[in-house]
Amino acid sequence: MKTLLAQTRSFPAPVRLLMVNQFAINLAFYMLMPYLAAHLSGELGLAAWTVGLVLGVRNLSQQGMFLIGGTIADRLGYKAPIMAGCVLRTLGFALLGWVDSLPALLVASAATGFAGALFNPAVRAYLAVEAGERRVDAFATFNVYYQAGMLLGPLVGLALLAADFRLVCTVSAAIFAALSVMQARALPRRYGADAEDRAETTEDDAGADEGHKEGRAPAGVWAQWRQVAANRPFLLFSAAMIGSYVLTFQVYLALPLAADAALGADGTKATSGLFVISAGVAVAGQLRLTGWAKRRFTSQQALVVGLCAMGAAFLPLALSPSSSAPAVLGALVAAVALLAAAGAVVYPFEMDTVVALSGQKLIATHYGLYNTVSGLGITLGNLACGALWDYAHAHGAAWLVWLTLAATGVGCAAAVAVLARAGRLTAPGQTPQPSTA
């Protein structure tokens, strides 16, 4: 804890505020979302397909709108979409607790999803710009707060749920309302360097228009998107990293399925424990793992090592006898702990690489497209993993799922290593620096 506080205090005030904000955002989000499906199907009596529709709308409105959110952040500055996202979450979470009609629930779900699409790219771009050369350390510290919110949120939500689901929603909405006010008062306006540079150029030609004084990018939206789409190294890196997101998401898919298959009625309890282990490992180990990786590897090497470890996390399940519940439980714990530790190694270097590949231009738009690509990859990867799960268990070959996931991690690592050796992990206009990764 002392190390975390010392690390946090070493950053500028806006960075510290963003970290606290992210903790509160995740606290409020995860105290509600894990229990929403049960509320919709139980208290409101909605059919299963309707529950899936409400939850799906939230995911689609977030994953599908990340690019829009990033574009807005690069055009209007980072503060505006962060605040707008928090206000939308306030309204959305309040509605989820106090409405019972399907149209209203869909509006609330869409609002909460779009809110994430607004503030996520903006927060990461703001953090990257404000942290400067300390981006890796900033993202590592940021992830501790992120994971801590995920860890505590369900526990707080469970305690409030003993009273009423509406209380959970009201408290969550109140947290986002407080964040909106705090950011309006304390978070400075911040723009990307590219917006400021273009604004200065336009001011010279057009007499210092007020919007340009504020650093707004004068180029059109299509021009922004074309610029990002033309960044081939960034697109290649985004594609290479898709598998890592598929692996991370198995905490929600394959691992709970394995727990249910091995433990039966106790599978749900085991799954809850796995979430606690995952977040706990990240909170406890993130700063140490980042420091270890920085001392021993280049950024590209750290990515390769972390991705290999993510794949290796599934090997204990491939080697454990599926007929032994204690063996499967032990393998699940080992898999989740190693997956969380490997993800902690990857995350700060991954976020830093996105910024480096953007060339410090349109950082939020790059993050928005990166999140959109990874979200699409998760959807397709989950479909494939689910189909493979059914096939493997129908043929008594559960190990096939775990070996495929392990191979996915190795494949991602190999792709990043190839890009690094080819000098493709540099932004357009930069001199490629071949890596030994």
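Residues are numbered from 1 along each chain as its sequence is written, and side-chain values use heavy atoms, with hydrogens and water left out. Because the model is predicted, local features need pLDDT of at least 70 and side-chain atom pairs count only at pLDDT 80 or more, while totals for chains, interfaces and linings use all residues.

**Exercise 1. Find how far helix α7 reaches and how many of its residues are buried.**

Step 1. Helices are DSSP runs of H or I with at least four residues, numbered from the N terminus. Helix α7 covers residues 102-131, which is 30 residues.

Step 2. The expected span of a helix is 1.5 Å times one less than its number of residues.

Step 3. A residue is buried under 20% relative accessible area, exposed over 50%, and partly exposed in between (1.4 Å probe, protein chains only). In α7, 22 of the 30 residues are buried, so by this definition the helix is mostly covered.

Step 4. After α7 comes G132, with a positive phi near 65°.

**Exercise 2. List the buried residues of helix α5 and describe the residue that follows the helix.**

Step 1. Helix α5 spans residues 66-76, and its buried residues are F66, L67, G69, G70, T71, A73 and D74.

Step 2. G77 follows α5, and its phi is positive, near 95°.

**Exercise 3. Locate the salt bridges and state how exposed each partner is.**

Step 1. A salt bridge is a side-chain nitrogen of Lys or Arg within 4 Å of a carboxyl oxygen of Asp or Glu. The whole structure holds 3 of them.

Step 2. E130 and R190 meet at 2.9 Å, N to O. E130 lies in helix α7 and R190 in the loop between α9 (165-186) and α10 (193-206), 60 residues apart. E130 is partly exposed at 22%, and R190 is partly exposed at 23%.

Step 3. R135 and D352 meet at 2.6 Å, N to O. This pair joins helix α8 to helix α19 (residues 325-358) across 217 residues. R135 is buried, with a relative accessible area of 12%, and D352 is buried at 12%.

Step 4. K294 pairs with D137, their closest N and O atoms being 2.9 Å apart. K294 is in helix α16 and D137 in helix α8, 157 residues apart. K294 is partly exposed at 40%, whereas D137 is buried at 17%.

**Exercise 4. Describe the lining of the second largest pocket.**

Step 1. On a 1 Å grid over the protein atoms alone, a pocket is an open set of points with protein on both sides within 12 Å along at least five of seven lines, and lining residues have an atom within 4 Å of a point. The lining here includes M1, F23, Y145 and R288.

Step 2. The elements giving two or more residues are α1 (2-9), α8 (135-161) and α16 (267-296). Of these, α16 gives the most, with 5 residues.

Definitions and conventions:
On a 1 Å grid over the protein atoms alone, a cavity is a set of points where a 1.4 Å probe fits but cannot get out, and a pocket is an open set with protein on both sides within 12 Å along at least five of seven lines; lining residues have an atom within 4 Å of a point.
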